[in-house]
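Let's take a friendly walk through some aromatic rings and their surroundings. Have the sequence and the model open as you read.

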Amino acid sequence: MLYDVIIAGGSYAGLSAALQLARARRNVLVIDAGQRRNRFAASSHGFLGQDGRAPGDIAEDARRQLMAYPTVQWLASMAIAARQGTGGFTVDTADGNRHRARRLLLATGVIDDLPPVEGLAERWGKSVFHCPYCHGYELEQGPIGVLATSQMSLHHALMLPDWGPTTFFTQGVFEPDPEQRASLARRGVTLEAERVMRIEGERADVVLADGRAVRIDGLFVLPQTRVSSPLAASLGCAFEEGPLGAFIQSDAMTRETRMPGVFACGDAAMPFGSVALAVGDGVRAGSGVHRSLIFAED
């Protein structure tokens with residue numbers, strides 16, 4: 001079968017894009033391996049109408065609503081290779097099958113590369129977070145830490161005092177200059193230059209190299225990110241370097257990449273991400289793909 005669109009990635013952006021195309025009565029295949037970026041978190045916040053719900057429940061409700069449309073098919077697998085040919089694209093999946101479509105939409109998401117601090121990965125999404133808007137409120141204005149990973153962490157540290165008294169663990173990543181120190185002081189941020197050795201305890205207690213322990217209720221960190229699928233690179237899509245890592249370059253309105261017929265949306269195509277942003281970006285991408293199909297039929 002030749003689909004109108006294959007969507008690689010069925011998390012929030014991919015689901016949102018698929019819904020627009022389904023409502024345009026287009027034949028859509030969604031290929032998804034079930035690796036949502038926020039699968040480590042117990043609840044999702046900041047998404048209007050879904051605040052406080054489990055991320056998996058939000059995604060499952062969206063999938064159920066999407067699959068009510070008869071022109072949509074879902075494949076629980078992973079798109080592992082893609083190539084352009086006459087009339088469209090061929091996508092190979094991990095289950096050994098091959099699928100064809102006129103358009104290809106990449107909504108594959110990103111991988112978070114956490115700093116190598118003992119105990120950090122085990123608490124990711126539970127008491128170690130990246131987004132204060134998503135998780136800061138639930139800390140009930142308790143003590144908060146920010147673990148520096150780059151100079152971008154300075155902005156993180158300046159934000160967090162709105163959610164609780166903040167300690168900025170600079171980790172030797174950079175030395176704040178006098179102006180930056182003054183800004184941090186005005187926000188009431190405590191600077192800690194001693195290196196963090198490990199995270200322990202029920203929440204996220206920070207143990208320093210000199211043996212001191214700093215009790216905090218939540219630790220925020222900006223991990224480096226990388227696009228989780230090789231498809232965009234293998235197709236020749238351009239990438240743009242963001243503050244946290246490279247993302248797929250695409251048109252701001254249509255979300256089409258440098259490669260005609262290949263579109264991208266969600267965290268893989270933005271410098272920052274959240275559920276709400278991914279859903280909105282999926283709307284843009286889905287309508288952009290639809291318009292490209294219309295114009296091709298003129």
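Trp 163 is buried, with a relative accessible area of 15%; buried means under 20%, exposed over 50% and partly exposed in between, using a 1.4 Å probe and protein chains only. Tyr 133, in contrast, is exposed at 59%.

This is a predicted model, where local features need pLDDT of at least 70, side-chain atom pairs count only at pLDDT 80 or more, and totals for chains, interfaces and linings use all residues. Residues are numbered from 1 along each chain as its sequence is written, and side-chain values use heavy atoms, leaving out hydrogens and water.

## Aromatic pairs

Searching the whole structure turns up three aromatic pairs. Rings of Phe, Tyr and Trp (its six-membered ring) pair if their centres lie within 6.5 Å; planes under 30 degrees apart count as stacked, over 60 as edge-to-face and the rest as tilted. One of the three joins Phe 129 and Phe 220, a tilted pair with 5.5 Å between centres and 50° between planes. Phe 129 sits in strand β8 (residues 128-129) and Phe 220 in strand β15 (residues 218-221), so their pairing ties together parts 91 residues apart in sequence. Strands here are DSSP runs (E, at least two residues), and helices are runs of H or I with at least four, numbered from the N terminus. Both Phe 129 and Phe 220 are buried.

Tyr 133 and Trp 163 make an edge-to-face pair, 5.4 Å centre to centre with 90° between the planes.
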